[in-house]
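Dear colleague,

I am handing over the structure below, followed by some notes on what was found in it. Please read the notes alongside the coordinates.

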Amino acid sequence: MKSEEKPRKATARKKSATAAATGTSVAKTATAKKTATAKKTATAKKAPAKKTAAAKAPAKATATKKTATKPAAKKAAAPSASAARPAKAESRTAMVRRARRMNRELAEVYPYAHPELDFRDSFELLVATVLSAQTTDLRVNQTTPALFAAYPTPEDMAAAEPERLEELIRPTGFFRAKAKSLLGLSTALRDRFDGEVPGRLEDLVTLPGVGRKTANVVLGNAYGVPGITVDTHFGRLVRRFGWTEQQDPEKVEAEIAEIFPKSEWTMLSHRVVFHGRRICHSRKPACGACPIAHDCPSYGEGELDPEKAKKLLKYEMGGQPGQRLRPPADYPGQPAPPLAGR
């Protein structure tokens, strides 16, 4: 009997151990399941929060984009020459080569380029240039015949009655200020320079109403002294061409002078101004009819259709009269008509 009880007790022990082990395993499994369920529940609860944050993010990004679009639209409405330039940077050497190539091509297009003011001597050119401020050369040319008939010399103009002088130059605008300048410079020429227009820039700029631009016009076209004339057209085009970014006329003059040889300065000024008045207009350049468009970094700012662009051309390029009543012999266009009633 005792020998039988021993196996039974051993079996019972084994069963108890197995049961205990099974219970522990079950308990562990249950605990693991509970933990996994709890994690899933926590993850499920957190997920909407993440989703909500993710949903909010695009909304913020969209709002940012909308806000950023407004200034961009304003910029596109008024494109500048610098905005039209290629993104790729141009080296100094490449720019100089391109600028000189453009100048050579402009020389072929405008072999007859010249100052568009009528004059017979340095005094008439000086007076006409002073009058050309804030008006067209055409209006000056239509006004000066009567003016020079009345006052042919600096001595005559210095002795003029202000009211009479103002009346004669009224068509050019700002006639009171201009009359004051003409009286002042005529008196200075009479008293300080023996009635002669000086041939040095440092002397010319001491005259009332005469700055570097006017001085360079007189020096280049009356005395053959090379000079760069930075008027509105010249400054606008050289910036559009990417030759300079300067706004101040003296800085523009200095930078352009470094690009071109001195012998080219006077004629370069005429060519660029001719191009600005005939083709490369301020508001709507005729890009589709421009002979130097292939070298212009601002190509595309104006009218590209060739037929429409041709209709934008002015003066001899558009089959219209020029600005001078007495143009040079090689000018291919028609003379300008005199002022009506004069």
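E163 is a residue of helix 7 (residues 162–169), where helices are DSSP runs of H or I with at least four residues, numbered from the N terminus. With a relative accessibility of 56%, E163 counts as exposed, the cut-offs being under 20% relative accessible area for buried, over 50% for exposed and partly exposed in between, with a 1.4 Å probe and protein chains only. This is a predicted model, in which local features need pLDDT of at least 70 and side-chain atom pairs count only at pLDDT 80 or more, while totals for chains, interfaces and linings use all residues. Residues are numbered from 1 along each chain as its sequence is written, and side-chain values use heavy atoms, with hydrogens and water left out.

S122, which belongs to helix 4 (residues 122–131), is buried at 17% relative accessible area. Beyond its neighbours within four places in sequence, S122 is in contact (heavy atoms within 4.5 Å) with V197, A222 and Y223.

Finally, helix 13 (residues 265–278) is largely enclosed by the rest of the structure, because 13 of its 14 residues are buried.

With best regards

Methods: Helices (H or I, at least four residues) and strands (E, at least two) are DSSP runs, numbered from the N terminus.
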